[in-house]
Amino acid sequence: MGQFLWFVIVALFVFWLVGLLFKIGGGLIHIILVIAGIIFIFQLLTGRRSR
């Protein structure tokens with residue numbers, strides 16, 4: 001599950017960057033970036049838990 005979340009974070013960041021460079025998507029791109037940031041921070045805070 002962690003690898004999938006990292007993939008989503010990277011994909012959303014790339015889409016945001018493309019949207020920023022080519023002025024596509026408007027506010028939707030920024031909302032998606034905020035969601036990716038929240039997921040990123042959540043992953044940093046929870047980390048890998050040892051058994």
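In which helix is the place of Val10? Val10 sits in helix H1.

**Figure 1. Overview of the predicted model.** The model is predicted, with local features needing pLDDT of at least 70, side-chain atom pairs counting only at pLDDT 80 or more, and totals for chains, interfaces and linings using all residues. Residues are numbered from 1 along each chain as its sequence is written, and side-chain values use heavy atoms, with hydrogens and water left out. The protein chain holds two helices and zero strands (DSSP runs numbered from the N terminus: helices are H or I with at least four residues, strands are E with at least two). Of the 51 residues in the protein chain, 16% are buried (buried is under 20% relative accessible area, exposed over 50%, partly exposed in between, with a 1.4 Å probe and protein chains only). The accessible surface of the chain is about 4400 Å², and carbon and sulfur atoms account for 76% of that surface (Shrake-Rupley method, 1.4 Å probe; for residues, only the protein chains shown count as cover).

**Figure 2. The aromatic pair of Trp6 and Phe40.** One aromatic pair is found in a search of the whole structure. The ring centres of Trp6 and Phe40 are 5.3 Å apart and the planes stand at 80 degrees, so the pair is edge-to-face (rings of Phe, Tyr and Trp, the last by its six-membered ring, pair with centres within 6.5 Å; planes under 30 degrees apart are stacked, over 60 edge-to-face, the rest tilted). Trp6 belongs to helix H1 (residues 2-22) and Phe40 to helix H2 (residues 27-46), so the pair links parts of the chain 34 residues apart. Trp6 is partly exposed at 37% relative accessibility, and Phe40 is partly exposed at 32%.

**Figure 3. A nonpolar surface patch.** Val10, Phe13, Val14, Leu17, Val18, Leu20, Leu21 and Phe22 make a patch of about 730 Å². Patch residues have over 30% relative accessible area and no salt bridge; like charges are joined within 9 Å, and nonpolar side chains (Val, Leu, Ile, Met, Phe, Trp, Tyr) within 5 Å. A salt bridge is a side-chain nitrogen of Lys or Arg within 4 Å of a carboxyl oxygen of Asp or Glu.

**Figure 4. Ile32 in helix H2.** Ile32 is partly exposed, at 25% relative accessible area.

**Figure 5. Ala36 in helix H2.** Ala36 is buried, with a relative accessible area of 4%. Leaving out residues up to four places away in sequence, Ala36 touches Ile9 and Leu12 (contact is heavy atoms within 4.5 Å). Ala36 and Ala11 are 25 residues apart in sequence, and their C-alpha atoms are 9.1 Å apart in space.
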